[in-house]
Amino acid sequence: MEAVKVEGVGPESEVEDLGRCIDEISTTVIQLEQRVNDVEQFYMTTDNMQLTTTKCSSAFKDKVKEKQLSSIEKQQQEASHREAAALKRMQDLMHQFAMILRQITQHKWARPFMHPVDVEGLGLHDYYEVIQKPMDFGTIKSKMEAKDDTGYKNVREIYADVRLVFKNAMKYNDERHDVHIMAKTLLEKFEEKWLQLLPKVAEEEKRQVEEDAKAELDMKLAQEAAHANMARELSNELCEIDSQLDKLRQRVIQKCRKMSTEEKKKLGTALTRLSPEDLSKALEIVAENNPGFQPAAQEVDLDIDAQSELTLWRLKVFVQDKLKLAGKCSEVVDCSNINNNENTIKSNSKRKREISDALTKNAIKRTRKLSHNS
């Protein structure tokens, strides 16, 4: 017994098989589209570093992380070496600064500044009103020896606190007061010695700025390289989707029955009832399988008889759907006379046909776009 044909495609089981193929392709394209959008966002944003931590989907960030892993590990090793070298250089500078500080604290006039001011014992009731940030050499020494985050990060911080010790004393005490005179004298001696160390400090600070800038640039370049690789991979995967769609079209073509002359005539008439926008879309469907066809030309000569069966069936479905939405559907595009089983299958296969058409266009568009980015 001859199998019943549905929409010119084949038995119901084959329609379901084609539907599953379309569903699988649809799922894949949805995932690829999300990744394409993430790549586009990366290249559109002006803050690429922030993007990878805030805007990208979690799946995409995992993919990028995987691609960047070897590069990041290498950069982490380099960063670790740079930090170790910078720490050693800073420790050397702090050691040299400690020698300067030792000379100052060993001066006979340094005694008043070795410990915090005894505000209550000396009756200095307005001290904290005048001095916002008290400082002394004992506190400085403790911070220099600290191994946690409370310690000094660089020589400039120590230098600032040493100056604060003397500036506080000069601010609170009258310029004729002994403490003011001692503080001013020691500050001058300290500044002289600091000027000898300053060139080395400035050189190290400049080096740190340059190394930090280089590290940030390297990370940015690594991210751009990872996204470029992702774009190339996406392009390849979208090409594979195109290939799958081509194979799916061939399967459909092989199963399509030929459209009758009367059906072609009705289809041609139905095309004239489309809106200008929908007519342009219909012509684009024709152009997909006809490279020489110019859908945007001022005058278009469409030969229905010259079109492939796949193009004819796609046009028929497209026209039927558009006229139905516009409330103009009639027997001109009524497909109910094709097969007895079509009405049963049509509601299930209609969405799949729409997805197939959309996927074809979307995959081609994305492939072109990514080829430019890569």
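I took axes as lines fitted to C-alpha atoms, for helices over the stretch in contact, with angles running from 0 to 180 degrees between N-to-C directions. Helices (H or I, at least four residues) are DSSP runs, numbered from the N terminus.

**Basis.** I worked on a predicted model, in which local features need pLDDT of at least 70, side-chain atom pairs count only at pLDDT 80 or more, and totals for chains, interfaces and linings use all residues. Residues are numbered from 1 along each chain as its sequence is written, and side-chain values use heavy atoms, with hydrogens and water left out.

**Entry: H5 and H6.** I looked up H5 against helix H6 (residues 155-172) and found an angle of about 170°, with the axes 10 Å apart. H5 is therefore roughly antiparallel to H6 (angles under 35 degrees count as roughly parallel, over 145 as roughly antiparallel, 65 to 115 as roughly perpendicular and the rest as oblique). Phe137, Ile140, Lys143 and Met144 of H5 make the contact with Ile158, Asp161, Val162, Val165 and Phe166 of H6; contact means heavy atoms within 4.5 Å. I sorted the residues of this contact into 7 nonpolar, no polar and 2 charged. In this sorting, Ala, Val, Leu, Ile, Met, Phe, Trp, Tyr, Cys and Pro count as nonpolar, Asp, Glu, Lys and Arg as charged, and the others, Gly among them, as polar.

**Entry: H9 and H10.** Helix H9 (residues 276-288) packs on helix H10 (residues 309-325) at about 165°, with their axes 10 Å apart. This angle makes H9 roughly antiparallel to H10. On the H9 side I noted Asp278, Lys281, Ala282, Ile285, Val286 and Glu288, and on the H10 side Thr311, Arg314, Leu315, Phe318 and Lys322. The contact of H9 with H10 divides into 5 nonpolar, 1 polar and 5 charged residues.

**Entry: H8 and H10.** I then took helix H8 (residues 261-271), which packs with H10 at about 45°, the axes being 10 Å apart. H8 is therefore oblique to H10. Glu263, Lys264, Leu267, Ala270 and Leu271 in H8 meet Leu312, Leu315, Lys316, Val319 and Leu323 in H10. I counted 7 nonpolar, no polar and 3 charged residues in the contact of H8 with H10.

**Entry: largest pocket.** I recorded a volume of about 730 Å³ for the largest pocket. A pocket is an open set of points on a 1 Å grid over the protein atoms alone, where a 1.4 Å probe fits, with protein on both sides within 12 Å along at least five of seven lines; lining residues have an atom within 4 Å of a point. Grid points are joined across faces, edges and corners, and the volume is the space filled by probe spheres set on the points. Of its 23 lining residues, Met94, Lys143, Met144, Glu145 and Ala146 are the closest to the centre. H3 gives the largest share of the lining, 9 residues.

Definitions and conventions. Helices (H or I, at least four residues) and strands (E, at least two) are DSSP runs, numbered from the N terminus.
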